[in-house]
Amino acid sequence: MSMSPDDESRIIEMAWEDRTPFEAIAHQFSMQENEVIKFMRHHLKPKSFKLWRARVSGRITKHIKLRSDEVTRGYCPTQYKNR
């Protein structure tokens, strides 16, 4: 699957974000969780990949079905501040 550098960068950004579920990546880029993991393994340095895997493993906000109903958006309200 060939994609632009902008798309690759966006996938990496979405994968690192705590509140962006894997389902959102699947919807936007047609990549399931296992494909995102392979993608990240290929595009990150080994240490960065290990840090990312440790961060997302068991994080309930990365899966829509495990999230609390109180989480209604994919970003923190202070993330996109008006400049």
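Visitor: Where is arginine 53 found?

Guide: This is a predicted model. In it, arginine 53 sits in helix 4, residues 46-56.

Visitor: Why is arginine 53 called partly exposed?

Guide: Its relative accessible area is 27%. Buried means under 20%, and exposed means over 50%. The value for arginine 53 lies in between, so the label is partly exposed.

Visitor: How far apart are arginine 53 and tryptophan 16 in sequence and in space?

Guide: They are 37 residues apart in sequence. In space, C-alpha to C-alpha, the distance is 9.6 Å.

Visitor: What does helix 4 meet in helix 3?

Guide: From helix 4, Phe49, Trp52 and Arg53 take part. Their partners in helix 3 are Val36, Ile37, Met40 and Arg41.

Visitor: Why are helix 3 and helix 4 called roughly antiparallel?

Guide: Their packing angle is about 150 degrees, and their axes are 8 Å apart. Angles over 145 degrees count as roughly antiparallel. The pair passes that cut-off, so the term applies.

Visitor: What makes helix 1 roughly antiparallel to helix 2?

Guide: Again, the angle. Helix 1 and helix 2 pack at about 165 degrees, with axes 10 Å apart. The cut-off is over 145, so helix 1 is roughly antiparallel to helix 2.

Visitor: Which residues make that contact?

Guide: Helix 1 supplies Asp7, Arg10, Ile11, Met14 and Ala15. Helix 2 supplies Ala24, Ile25, Gln28 and Phe29.

Visitor: Is the crossing of helix 1 and helix 2 left-handed or right-handed?

Guide: The crossing of these two helices is right-handed.

Visitor: Glutamate 8 next. Why is glutamate 8 called partly exposed?

Guide: Glutamate 8 belongs to helix 1. Its relative accessible area is 25%.

Visitor: What is glutamate 8 in contact with, leaving aside neighbours within four places in sequence?

Guide: Glutamate 8 is in contact with Met3, Phe39 and His43. As for phenylalanine 29, its C-alpha lies 9.8 Å from that of glutamate 8, and the two are 21 residues apart in sequence.

Visitor: How do you know that threonine 20 is buried?

Guide: Its relative accessibility is 6%. Buried means under 20%, so threonine 20 qualifies. The residue is in the loop between helix 1 (5-16) and helix 2 (22-29).

Visitor: What makes the pairing of threonine 20 and glutamate 17 a polar contact?

Guide: The distance between their side chains is 2.5 Å. The limit is 3.5 Å for a pair of N or O atoms, so this pair counts as a polar contact.

Visitor: Why does serine 30 count as exposed?

Guide: Serine 30 has a relative accessibility of 55%. Exposed means over 50%, so serine 30 counts as exposed. Its place is the loop between helix 2 and helix 3 (33-43).

Visitor: What is the phi of serine 30?

Guide: It is positive, at about 55 degrees, although serine 30 is not a glycine. Most residues other than glycine have a negative phi.

Visitor: Now the whole chain. How many helices and strands are there?

Guide: The chain has four helices and zero strands. From the N terminus, the order is α-α-α-α.

Visitor: What share of the 83 residues is buried?

Guide: Buried residues make up 29%. The chain exposes about 6,200 Å², and carbon and sulfur atoms supply 50% of that area.

Note on methods: Residues numbered from 1 in each chain as written. Predicted model: local features only at pLDDT ≥ 70, side-chain atom pairs only at ≥ 80, totals over all residues. Heavy atoms only, no water. Buried < 20%, exposed > 50% of the residue type's maximum accessible area, 1.4 Å probe, protein only. Polar contact = N/O pair within 3.5 Å; in protein donor to acceptor, adjacent residues only side chain to side chain. Areas by Shrake-Rupley, 256 points an atom, 1.4 Å probe, with all protein chains shown as cover. Axes fitted to C-alpha atoms, helices over the stretch in contact; angles between N-to-C directions. Parallel < 35°, antiparallel > 145°, perpendicular 65-115°, else oblique. Left-handed = near helix turned anticlockwise from the far one by under 90°. Contact = heavy atoms within 4.5 Å.
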